[in-house]
Amino acid sequence: MPSIEPTVGHSSTGLPLAGADRDNARQMLVDGLRNAHALELQAIEMLKRNVERLEHYPALKGRLARHLQESEEQQAMVEQCLSDLGESPSTIKDSVMGFVQNMQQMVHAAADDEVLKNSFAGFAFEHFEIASYTALALFADAAGQPRIAETARAICQQEQIMADWLEEHLPEVVEEHLALMASGDQKH
Ligand SMILES: [Fe+2]
C-alpha cells in the first residue's frame, strides 16, 4: 500500500530531512522571514530619507528611488511568504535590531560627509540582506518550501545588483563629494 508522504525538505547536500529536523528548519525559516521583514522596513525608511535629500547626486538618487520601490515589493513578498506559512511578521530578532540600530546611528549622524556615511551604510546593509536571503533560501529548501526558496533567491539577486551598483558607483560619489566640498556648495 502506498504511504502518503508529506512534503519532504532537503538539506544542502540534497538529503531529505526527517520530521524533527524539518520542524527546526521551518522555525528557522519563519524567524528568518520575520527578520527579513524587519530589514525591509528599515531599508524602506533609510531609502526614503536618502532619496529626499540627495539633490546633488542625481544618479545615486535615481537608483535609490528604484531600490525603494523594489524594497516595498520585497517586503510584500516576504509578508506573503509568512502568510503562506500561516504566520505573521511579529517578533523581531534582537540580533537584527542591534544591527539595524547601528545602521541608524550611522545614517542619522548628519555631517559634512553624510552622503559618504550613507553610502557606506547602504553598502553594508545590502550585504547584510544578501547574507540573510541566502540563508533564508537554504532554510526554505530544508523546510520543503520551494516557492519560498525561489522568492528568497529572487530578492537576493535584486540586493546583489543593488550592492554591485553601489560598489561600482562609490568612486563617482566620492569624487562628486570632493568637488562639492571644494566649490563650497551643499554637501548632500
Ligand atoms: Fe531589500
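Me: A residue is buried if 20 or more other C-beta atoms lie within 10 Å of its own, exposed if 12 or fewer, and partly exposed in between, with C-beta atoms placed from the backbone. This is a predicted model: local features need pLDDT of at least 70, side-chain atom pairs count only at pLDDT 80 or more, and totals for chains, interfaces and linings use all residues. Residues are numbered from 1 along each chain as its sequence is written. How does L68 count, by its C-beta neighbours?

Reply: L68 sits in helix α2; helices (DSSP H or I, at least four residues) and strands (E, at least two) are numbered from the N terminus. The count inside 10 Å is 18 C-beta neighbours, so L68 is partly exposed.

Me: Which residues does L68 touch, leaving out those up to four places away in sequence?

Reply: Contact means C-beta atoms within 7 Å. N50 is 18 residues from L68 in sequence, and their C-alpha atoms are 9.9 Å apart. The residues that L68 touches are I44, L47, K48 and V51.

Me: What pattern does the protein chain follow along the sequence?

Reply: The protein chain has 5 helices and 0 strands. Of its 188 residues, 34% count as buried. Among contacts between residues at least 6 apart in sequence, 72% join residues at least 24 apart. The pattern is α-α-α-α-α.

Me: How are α1 and α4 oriented to each other, roughly?

Reply: Axes are lines fitted to C-alpha atoms, for helices over the stretch in contact, with angles from 0 to 180 degrees between N-to-C directions. Here the axes of α1 and α4 are 9 Å apart, at an angle of about 155°. Under 35 degrees is roughly parallel, over 145 roughly antiparallel, 65 to 115 roughly perpendicular, and the rest oblique. So α1 and α4 are roughly antiparallel.

Me: How do the residues of the contact of α1 with α4 divide?

Reply: From α1 come A25, M28, L29, G32, L33, N35, A36, L39, A43, M46 and N50, and from α4 N118, F125, E129, S132, Y133, A135, L136, F139, A140 and A142. Nonpolar covers Ala, Val, Leu, Ile, Met, Phe, Trp, Tyr, Cys and Pro; charged covers Asp, Glu, Lys and Arg; the others, Gly among them, are polar. The contact of α1 with α4 has 15 nonpolar, 5 polar and 1 charged.

Me: What is the hand of the crossing of α4 and α5?

Reply: Helix α4 spans residues 114–142 and helix α5 spans 146–183; their axes come within 8 Å and cross at roughly 165°. The two are therefore roughly antiparallel. A crossing is left-handed if the near helix is turned anticlockwise from the far one by less than a right angle, and right-handed if clockwise. For α4 and α5 the crossing is left-handed.

Me: Which residues make the contact of α2 with α5?

Reply: The axes of α2 and α5 come within 11 Å and cross at roughly 165°. That makes α2 and α5 roughly antiparallel, and α2 passes α5 in a left-handed crossing. The residues are A59, L60, R63, H67, E70, Q74, M77 and C81 of α2 with I148, T151, I155, Q158, M162, W165, H169 and V173 of α5.

Me: Which residues does T151 touch, leaving out those up to four places away in sequence?

Reply: T151 lies in helix α5. It is buried because 22 other C-beta atoms fall within 10 Å. L136 is 15 residues from T151 in sequence and 9.6 Å away, C-alpha to C-alpha. The residues that T151 touches are M77 and C81.

Me: Is S119 buried or exposed?

Reply: S119 has its place in helix α4 and touches L166, L170 and V173, not counting residues up to four places away in sequence. V174 is 55 residues from S119 in sequence but 9.5 Å away in space, C-alpha to C-alpha. With 22 other C-beta atoms within 10 Å, S119 is buried.

Me: Which residues of the largest nonpolar core touch the most other members?

Reply: A nonpolar core is a set of buried Ala, Val, Leu, Ile, Met, Phe, Trp, Tyr and Cys residues joined through C-beta atoms within 7 Å. One member, A152, touches Y133, L136, A137 and A140, not counting residues up to four places away in sequence. Of the 33 residues in this core, those touching the most other members are L29, L33, L136, A137, F139, A140 and A152.

Technical notes. Contact = placed C-beta atoms within 7 Å.
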